[in-house]
Amino acid sequence: MTDNIRTFPKPLDAEKIRQLEAESLLKYLECDAGGLSSAEAQARLEFYGPNAIQEKRKSPYLKFLSYFWGPIAWMIEVAAILSAAVRNYEDMTIILILLFFNAIVGFWQEYQAGNAIEQLKKNLALKARVFRDGQWLSIAADQLAPGDRVKIHLGDVVPADMLLLDGDFLSIDQSALTGESLPIDKRAGDTIYSSSIVKQGEMTGVVTCTGAHTYFGKTAKLVNTAGSVSHFKKAVIDIGDYLIFISLILVMILVLVGLDRHLPIIELVQFALILTVASIPVALPAVLSVTMAVGAVKLAKLKAIVSRLEAIEELAGMDILCSDKTGTLTQNKLTLGEPVIFSGADRDGIAQAAVLACDPDNPDAIDDAILQQFSDKKLVQALRRQHYMPFDPIQKRSEADIKTDAGALFKVTKGAPQVVLDLCHPDEATRVHTEQTVNEFALKGYRTLGVAKTDAGGRWQFLGILPLFDPPREDAAETIREAKLHGVNIKMVTGDNIAIARQIAGELGLGQNILLSDQIIKAKDNEDIIHNVALCAEQADGFAQVFPEHKYWLVKDLQANNHLVGMTGDGVNDAPALKQADVGIAVSGATDAARAAADLVLTDNGLGVIINAIEEARRIFERMNAYAIYRITETIRIMLFMVLAILIYNFYPITAVMIIMLALLNDLPILTIAKDNTWLSPTPVRWDMHKVLTVSTSLGLIGVIETFLMLIIAKNYFHVGLAELQTIIFLKLTVAGHLTLFVARTRRFFLFRPFPNPLLLFSIIITKVFAVLMSRYGWLVTPISWEYIGWIWAYCLFWVFIEDGMKLWVYRRLEDGDGSLLRNIRISLPGKRFRHVKRTDLP
């Protein structure tokens, strides 16, 4: 090797590199077994960059400022500006506090969620042994360049994608990357991937790809680009757009009318302020965020930690759950099946030979399974190992020389059934029987070991076959059954072969329609077949031989068909799909990378936690849905009433102070809706803006009629003055507001179960008492008599039954088309399982 820098470096084709043979690859990389010089390595490092995952960082200041951009934020900001224009600084302060509260809550939740790329980087090797300038050096792994010669051995994390050149063999654990259950044997000429772990052996190789070009780097790149749009944010924007549209139309009408009436400009500006404050859902994002935050605390008690608040709403609507097999549906623990015994041997005999053929000092996964299954120490009493030959991929078996206390000698071996069988020179019938048994286990996805022992004459006797498999988790089948009852379709995703996938799927009751991963990736760049592939993905029960990119595209295919997709996983290989999924779920014991990319992190074993989380998420969603209906109803009721009153009577029906107090009295106790009792839907729930806006608009129009009728009665029959009239309207709107909440919070008659949570009920009573005392004793308003207060309460209680009747009628009209919602409604109280309510039980 010379210090002359060659025509290399040049752009590398990672796919081409993976297809080249060793000799051709060395020529392509312009290197040899002598490694690189320091000058060559530096030149390549400058060209390709460090062997690390490059991350796009967004300024935290820009992230925070982004929360002040959007339709609702704009309207709140306009309201603040108008308050300042008319020197109403108290209103401006309240509005700005709400604006900053929304921004701080959103920013803090995003900050807490963390950065998945940072966690992925922690999984990379920190140091590497590299041959440069004719000597072995220990350098930082991020300083490796394509063409470097690197040595790795037991316990090392592979620092980059490498082509193995010299050495006997390596046993590589790449389960965190590919999901394969067992270590993979590698020899000279094979490729190993960055972030895999060396379990056995020592070899040298040449670095082929570094940083983002490695297979691990592709995973990290997918994580960096993955992500789905929050349906929660879409819903908030839709609500805001709807109310803003109505508000702008009414403001334009009133401005034109005001100009025609020659009203002072300052009065028009002041009214625009009042109408703006009344029309925009200032506290809507905050209340919904607090509702989800309180729900997140409840989910944490259920052993499910939420890292992204919006994921709660997505979890409630999730209809497909893609579950990683290894470690999620299975125990990720190699287990020994029932031995198949040959040659007249017995179970104790095959167990004894298998135990003696295990490595006593450095047991691998297979040895651990055998030693755990045959743990009786009496099997090997009075026996001593004289010599042990560990398993290696060349001989494909391990062997031990054993001596008894009586001085007798014999040998034992275990390994690949064909190899062990050849030692024994069996008759044709035994060979055929063995091959049939091995093939039968292979069809079930089992691995097999042959076990043999020498007799007194030193001849090998074939004792039998040990099947090995990764068993399903004890609770997995029940969890899958529960998920189906909740309307969630489970699909298994695994890096193992299709035989293992079908075996596990059958045991779990998932079905046998398992597709290969290449049927997913076909849709990546072909728009014409995306729909067909997505339909196949919908009908499949699982997917086999899946790599990280396949999982990512599987999730995208299903999302393209309007599914809310959940993805469970525990390894680095799951991180891109976890982040792309609507609900990424990191199971207990997951890697840092999986936890950082996930929306939901389980802290308890078993998927049963997911069922509890789904139920709680659906309760939380119903609370948010109820509040959205209530808030839109109140906005329409107040806004439209004020416009009509000003157009007809040419005066303000309530003052600016009353508007602010009304917003506070209505919204502050609503924060307790996060703990309200609510329905538990038996099927996934989503934002149905058509339904939400139809119900809320209907209730809002009823509210306008009842409020206008009260104004007419008070003005024309009780002949009250303007100041008293404004107090009457203020108290009426305050009382009717929370009565409307009782109507909006349930799809049934509002006096039926589920009853309001005591905390919600108490907070509403407190605010109503305060509003009554304000109206009676003249706090910020003109006082009115107890007689008027009693009359207002009676009037509002009468109208709440009319509102509820309208609500029930609208729901029936909306659901006559599918009838799905009210056929199997379930009632849920906190901490209790649901019970069914038949359609005939409903009014």
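## How the model was read

Residues are numbered from 1 along each chain as its sequence is written. Because this is a predicted model, local features need pLDDT of at least 70 and side-chain atom pairs count only at pLDDT 80 or more, while totals for chains, interfaces and linings use all residues; side-chain values rest on heavy atoms, with hydrogens and water left out.

## Confidence along the chain

The predictor's confidence in each residue is given as pLDDT, from 0 to 100. For the protein chain the mean pLDDT is 80, and 82% of the residues reach 70 or more. Helices (H or I, at least four residues) and strands (E, at least two) are DSSP runs numbered from the N terminus. Confidence is highest in helix 31 (residues 786-815), with a mean of 95, and lowest in strand 26 (residues 835-838), with a mean of 34.

Residues 1-5 have pLDDT below 50, and this stretch has 16 contacts beyond near neighbours in sequence (contact means heavy atoms within 4.5 Å). Residues 112-125 also stay under 50; the model gives them 40 contacts beyond four places in sequence.

## A buried glutamate

Glu706 belongs to helix 28 (residues 689-716). Its relative accessible area is 0%, so Glu706 is buried (buried is under 20%, exposed over 50%, partly exposed in between, with a 1.4 Å probe and protein chains only). Apart from neighbours within four places in sequence, Glu706 touches Arg637, Lys732, Ala736, Tyr795, Trp799 and Glu803.

## Aromatic rings

Two of those partners, Tyr795 and Trp799, bring us to the rings. Rings of Phe, Tyr and Trp (its six-membered ring) pair if their centres lie within 6.5 Å; planes under 30 degrees apart are stacked, over 60 edge-to-face, and the rest tilted. This rule gives 24 aromatic pairs. One of them joins Phe770 and Trp779, tilted, at 5.8 Å centre to centre and 45° between the planes. Phe770 is partly exposed at 35% relative accessibility, and Trp779 is partly exposed at 39%.

Tyr795 and Trp799 are also tilted, because their planes are at 45°, with centres 6.2 Å apart. Both sit in helix 31, four residues apart, about one turn of the helix. Tyr795 is buried at 10%, and Trp799 is buried at 10%.

## Charges over rings

A charge sits over a ring if NZ of Lys or CZ of Arg is within 6 Å of the ring centre and within 35 degrees of the ring normal. The charged end of Lys151 is 4.7 Å from the ring centre of Trp136, and Lys453 lies over the face of Phe410 at 4.7 Å from the ring centre.
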